[in-house]
Amino acid sequence: MSGISVIGLQWGDEAKGKLVDLLTRKSDIVVRYQGGANAGHTIVDGDQKYVVHHVPSGILNPKVINAVSPGVVLNPKTLIEEIEAVTSQGVEIGNRLMLSERTHVVFPWHVAEDIAWNEAITGEKNIGTTLRGIGPCYRDKVGRTTAIQLGDLYRPDFEEKVQFISQLKRAMLAGFDAKLDPSLLDAEKIVAEYRSFADRLRPYVCDTTSFLLDAVEAEARRRGCRIARRSRRRTEAGPQE
């Protein structure tokens with residue numbers, strides 16, 4: 001068959017990363033299809049230990065294309081730190097990492113929401129999140145009004161979006177008794193920081209949906225690299241306006 005899915009049915013620590021790493025040896029493309037930066041995979045290769053969160057563990061195989069799809073909620077800072085970490089360990093990423101322009105982005109206000117809800121809800125009803133803003137980001141994705149996709153970081157109205165959403169979030173969080181870092185809702189600071197993230201990630205941002213559809217249609221188990229080059233040419237200019 002043209003594709004294999006690895007799906008975890010427990011809370012975590014199920015060796016999904018190890019399974020993917022083993023299966024990667026017979027694959028051309030590895031796709032991270034959901035989740036956020038709380039999902040961590042530790043892979044030991046010889047005397048080297050690699051830790052990845054956003055980036056698919058197929059990144060360690062130099063022949064594999066790695067795609068982060070729209071189902072993921074992306075923390076740009078975490079991803080950049082991860083890219084720098086594996087690169088410093090000798091992993092050459094090149095054009096083997098593809099980030100969907102439709103991936104939703106985790107912002108500081110999502111972390112603020114996570115903290116506020118965690119402090120407000122106690123006892124058995126507190127689900128005990130990792131406080132990384134992942135749940136609130138998914139909530140905004142479904143609600144749409146306060147959602148920002150990765151491609152939005154490159155559009156002219158990005159600053160306007162951040163100003164609008166930060167005001168809404170400030171009003172909403174005023175109803176909580178949480179003591180929050182003011183910078184989590186500082187629109188000016190957020191815009192500057194996320195624009196720098198966008199510049200760093202620009203080479204990897206593209207239309208992964210078209211790429212993966214092309215791969216499936218071509219039964220790309222053994223032809224993924226050629227398809228990837230063709231798709232990369234089509235999207236190398238980065239996200240479209």
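A residue is called exposed when its relative accessible area is over 50%, and buried when that area is under 20%. The model described here is predicted.

**Helix H6**

- Helix H6 spans residues 187-201, and its 15 residues reach 21 Å from the first C-alpha to the last, close to the 21 Å expected at 1.5 Å a residue.
- Its buried residues are Ala187, Ile190, Val191, Tyr194, Phe197, Ala198 and Leu201.
- These residues lie on the same side of H6, because they cover an arc of only 130° around the axis.
- Glu188, Ala192 and Asp199 are exposed on the other side of H6.
- The cover over the buried residues of H6 includes helix H2 (76-88), helix H3 (108-120) and helix H5 (158-173).

**Salt bridges**

- The model has six salt bridges.
- Lysine 169 and glutamate 113 form one of 2.6 Å, N to O.
- This pair links helix H5, which holds lysine 169, to helix H3, which holds glutamate 113, 56 residues apart.
- Lysine 169 also forms a salt bridge with aspartate 140 (3.0 Å, N to O).
- Aspartate 140 lies in helix H4 (residues 134-143) and lysine 169 in helix H5, so this pair ties together parts 29 residues apart in sequence.
- Both lysine 169 and aspartate 140 are buried.
- A network of salt bridges links Glu113, Arg139, Asp140 and Lys169.

**Surface patch**

- Ile4, Leu19, Leu22 and Leu23 make a nonpolar surface patch of about 330 Å².
- Leucine 23 belongs to helix H1 (residues 16-24) and is partly exposed, with a relative accessible area of 35%.

Notes:
Residues numbered from 1 in each chain as written. Predicted model: local features only at pLDDT ≥ 70, side-chain atom pairs only at ≥ 80, totals over all residues. Heavy atoms only, no water. Patch = residues over 30% accessible without salt bridge, like charges linked within 9 Å, V, L, I, M, F, W, Y side chains within 5 Å. Areas by Shrake-Rupley, 256 points an atom, 1.4 Å probe, with all protein chains shown as cover. Salt bridge = Lys/Arg side-chain N within 4 Å of Asp/Glu carboxyl O. Helix = DSSP H or I, 4+ residues; strand = E, 2+ residues; numbered from the N terminus. Buried < 20%, exposed > 50% of the residue type's maximum accessible area, 1.4 Å probe, protein only. Expected span 1.5 Å × (residues − 1). Arc of directions from axis to C-beta. Contact = heavy atoms within 4.5 Å.
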